[in-house]
Amino acid sequence: MKPKEVPTLQPRLRVLNREQVLAIHAAALEILEKVGFKMEHAGALEMLTDAGCRVVEGDRLTLPAHLVEAALGSAPKQIVLYDQRGNEAMSLEDGNCFYGTGSDATFTLDLETGQRRRVVLQDVANFARLVDGLKNIAFAMSMGNPENVPVEDIYVHVFAEMVENTNKPIVFIADRGRDISEIYQIACQVVGGEEELRNRPFLLSYSEAISPLRFPENIMEKLIFCAQKGIPICLPSGSNAGGGAPVTLAGALALGIAENMVGLVVHQLAGRGSPFLFGPNVSTLDMKSTVVSYGCPEWSLTQAALADMRDELYGLPIWAYAGASDAKIMDAQAGVESMFSIITSMLSRCNVIHDVGFLEYGNTSSLEMVVMADELIAMSRFFTEGIQVNQETLALEAIARVAGGGPGSIFLMDDHTFEHFMQAQFLPLLLDRSRYDSWKEAGATNLYQRCNSEARRILAEHRVEPKPDEIIKGINRILKGG
Amino acid sequence: MSDLKPLIEAVIKGDIKLAAEEARRALDSGNSAQDILDKGLIAAMDEVGVRFSKGLLFVPQMLRSAKTMQECMKLLESLFQEGDITTKGKVVIGTVKGDLHDIGKNLVSMMMEGAGFSMTDLGVDVSPERFVQKVQEIEPDIVAMSALLSTTMPSMRMTTEALKQAGVRGKVKIMIGGAPVTDKYAKEIGADCYAPDAGSAVTKAKELLGVS
């Protein structure tokens, strides 16, 4: 009997059962109905009270569960991000995972000296170009707040810099209504108008409410702006266990989800059907250093839980993180922590996964870390694809040929190997498997050094498809306040 | 006069009930309130600080000790005349204008209080004018400012300028901190020091005032 094609199991992580999902969801609703939240944007407060929220006192509101249900019902279950040339790039649905860099780092590791120094605007350009040249990095974020740009315009400048240096989708930060509208104008320049941008958005706004349960005016300004313009947005509050949220992960998740639901409700009231990416950032506050950890197992666990809640209940694509570390240099700790979050975020099918390339709990960005992550993502994808089982892969004929062949028959010589090895094996580019002597001869490099060389090579050789002069001129006019 | 060791141990352990009992016992057996504060409570917090910096204690344990100390202080407070308590120094602290984040600032405030500073916490989104007004009102030794966002850091410069304008800059030391803040930035805006975390905020504040 001939073996037939059988379905491939693609390994998938689950960390919550249905009872846990429902209990966390119920707790989130209870927080909103009983504890309430502080809404500091007058317009949003009015929308919420008109919709049925109750004023406890001043700007403190409680929110009934039915508003959450309605918002979950009207938010799209699928979000598609396009690249800057209008091609579909990130279809956020089902099990699709997309990795990208992070934002707002104060420092970066200098490519030449290896030293940690303040970020400048050129670094933002370099990171964007690197992202553009890496196969497994799907979207760009700024990777730093440059010190050589006026701070009140920082997010507009880094956005323009990214637009000039990559054509991939961009996840951007803004401070408030003023700068987000300038960023929006730049984005419209890139694609040729508001309607084009609405139909084929290449950008996603990242914004944070303040845990516990505080919604500042400027954050709501941005949320409402995005809802009205149809710009996809995520609003993950920093409900870090022990910091903005209770130290126990279930409570931190419930609080973060509650906060996200407030954001979602306001968002859907302001722009019904506009795209909203679900999910809080639930890491931990380190109990010695009080930093928010970027290498801890807890964050990987809570976002896996969030993916389960998406699958069981919410249905909205989720926001996540991976490929970052608390280490100060790109050492073994950086490798371990990066891989831990990359593989688990993929196994739990998180959708938009940011912060790739961060060291020092998000305070320092590293081009080398991004290059390493590109390879780790490829490795994880290989693993997550599973094992295809069919006539070709079972290779009974090849086995018969080699085992039944004459002396000197080896699989390496067989056509089956030649035809299949590129797909059948994971072929690393940076992880070294060379024999000792050749490794030594080639300079006895470690992974950091190889990633450094590769980053330099990409920055030197990779050509980013340039934008037409007209677009660049238009952007410069906006930057100059024209 | 009784031995203050059991009180010190109770504060280090963060056993509020036991510490309060020990504080009362110390008072009953003739210790002065100032001695209980200096040689009992603050000595205990100094030891907590040492253990924390050696990695033997975690932040929640340290904060519990600070809370224990505060509870004991409630027993002592009525025994001091107003303004009679000698502290390491008076500090006005706040998160600067435009910034609503308070976890880091609260932590610094708790730690400094535990170390024997008298803290006046102005909360979050504190305008330069409000800092100036409070400085004029209570004449602190230190103004401590916090910012989490790059975009709100300029408020630190504005506050420093406002203190100069009001003619009180020379009377206070300024310390700043928060995720995007650097030593270089502190120098740029003319602050007296930058503290990277709550533990070092205590050390730096002591250095600024020349107290131990």
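This is a predicted model: local features need pLDDT of at least 70, side-chain atom pairs count only at pLDDT 80 or more; totals for chains, interfaces and linings use all residues.
Two strands count as paired here if DSSP finds at least two bridges between them.

Take strand 4 of chain B, residues 173–177, and strand 5 of chain B: they pair in the parallel sense over two bridges. In one of the bridges, B:Met175 has B:Cys193 of strand 5 as its partner.

Chain B has an open sheet of five strands, ordered 2-1-3-4-5, with parallel pairing. Strand 2, 117–121, and strand 5, 193–194, are the edge strands of chain B, each pairing on one side only. Helix 6 of chain B, residues 128–138, lies across strand 1, strand 2 and strand 3 of that chain, and runs at about 165° to strand 1.

Next, chain A. The axes of helix 5, residues 154–165, and helix 6, residues 177–191, of chain A come within 9 Å and cross at roughly 15°. Angles under 35 degrees count as roughly parallel, so helix 5 of chain A is roughly parallel to helix 6 of chain A. The crossing of these two chain A helices is right-handed. Helix 5 of chain A brings residues including A:Phe159 and A:Val163, and helix 6 of chain A brings, among them, A:Ile183 and A:Ile186. By class, that contact has eight nonpolar, no polar and two charged residues.

Last, the contact between the chains. Chain B gives 16 residues and chain A gives 16 residues. On the chain B side, helix 4 (59–77) and helix 5 (103–114) are the elements that give two or more residues. That side of chain B has eleven nonpolar, four polar and one charged residues.

Conventions. Residues are numbered from 1 along each chain as its sequence is written. Chains are lettered from A and ligands numbered from 1 in the order in which they are written. Two residues are in contact if their C-beta atoms, placed from the backbone, lie within 7 Å. Helices (H or I, at least four residues) and strands (E, at least two) are DSSP runs, numbered from the N terminus. Ala, Val, Leu, Ile, Met, Phe, Trp, Tyr, Cys and Pro count as nonpolar, Asp, Glu, Lys and Arg as charged, and the others, Gly among them, as polar. Axes are lines fitted to C-alpha atoms, for helices over the stretch in contact, and angles run from 0 to 180 degrees between N-to-C directions. Angles under 35 degrees count as roughly parallel, over 145 as roughly antiparallel, 65 to 115 as roughly perpendicular and the rest as oblique. A crossing is left-handed if the near helix is turned anticlockwise from the far one by less than a right angle, and right-handed if clockwise.
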